[in-house]
Every structure is written in C-alpha cells, then in structure tokens.
Amino acid sequence: NDLSDELKIGPNKATLFTLLAGGASGFLGGMVAIRGPPLIFYFLHPPKPVSFNKNTQRATATVITFFNVFMRQAFYLYNTFADSGTIGYQKEEWRLY
C-alpha cells in the first residue's frame, strides 16, 4: 500500500485533527504558557495515516521549538522598540542581552 495513496491534500480527518492540536497548543501556550498537552496527545495518538517514529517526532519537536522561540523573540523585540508596554527587553540594559 503506497503512502501517497493514503495522504490526501485538502480537508480530511488527519488535517483537521492536526490543525486542532496545533491551534489548541498555540492557544494554551499564549494564555497560560502550557502548550504541551495537545501536542503530547497528538504524538501519542496520531490520526491515520500520520505516524511518528523517534526521528520524525524529534524533528517535529525541533521545528515547534524553533518557531516558538522565534515568535517569542520577535514579540519581545517589537515591544521593546514600539514602547507598547512593559513586556520586552529593557532598552537601558540592552548590552546585557
């Protein structure tokens, strides 16, 4: 059975479940800084035909972590230079970062 026959582009159960897990993770991460539970559930019970082995799970976690850190740094830099609030880097302590 060829995997390309099982993976379909467009709305399907696997795509919707993946988007739901990612959206729930992002929402929880933004609200209470706990983005892990939806992702753990997704990794433990992936929808068919999605499957994870050690390497694909590690690669997926690396990509998730990279984008989490990137977006957090972009948010801090924007708030630092836009003077939009107290969240961000302190300008007078910039050399320490």
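The model is predicted, so local features need pLDDT of at least 70 and side-chain atom pairs count only at pLDDT 80 or more, while totals for chains, interfaces and linings use all residues. Residues are numbered from 1 along each chain as its sequence is written, and side-chain values use heavy atoms, with hydrogens and water left out. In short, we have 4 helices and 0 strands, running α-α-α-α from the N terminus. Helices here are DSSP runs of H or I with at least four residues, strands are E runs of at least two, and numbering starts from the N terminus.

**Overall build**
- Of the 97 residues in the protein chain, 11% are buried; buried means under 20% relative accessible area, exposed over 50%, and partly exposed in between, with a 1.4 Å probe and protein chains only.
- Take the contacts (heavy atoms within 4.5 Å) with a separation of 6 or more: 32% of them link residues 24 or more positions apart.
- The protein chain exposes about 7800 Å², with carbon and sulfur atoms supplying 66% of that; the area comes from the Shrake-Rupley method with a 1.4 Å probe.

**Helix α3**
- α3 covers residues 36-44, and its buried residues are Pro 38, Leu 39, Tyr 42 and Phe 43.
- Those buried residues line one face of the helix, because they fall within an arc of 135° seen down the axis; the arc is taken from the directions from the helix axis to the C-beta atoms.
- They pack against α2 (13-32) and α4 (54-82).
- Turned away from that buried side, the other face carries exposed Ile 40 and Leu 44.

**Largest pocket**
- The largest pocket holds about 590 Å³ of space. On a 1 Å grid over the protein atoms alone, a pocket is an open set of points where a 1.4 Å probe fits, with protein on both sides within 12 Å along at least five of seven lines; lining residues have an atom within 4 Å of a point.
- Its lining has 21 residues, and Ser 25, Gly 26, Arg 35, Ile 64 and Asn 68 lie nearest the centre.
- α2, α3 and α4 each supply at least two lining residues, and α4 gives the most, with 8.

- Most residues other than glycine have a negative phi, and most peptide bonds are trans.
- Ala 33, in the loop between α2 and α3, has a positive phi near 60°.
- Ala 33 counts as exposed because its relative accessibility is 63%.
- Lys 48 and Pro 49 are joined by a cis peptide bond, with omega about 5°; Pro 49 is found in the loop between α3 and α4.

Key. Points joined across faces, edges and corners; volume = space filled by probe spheres on them.
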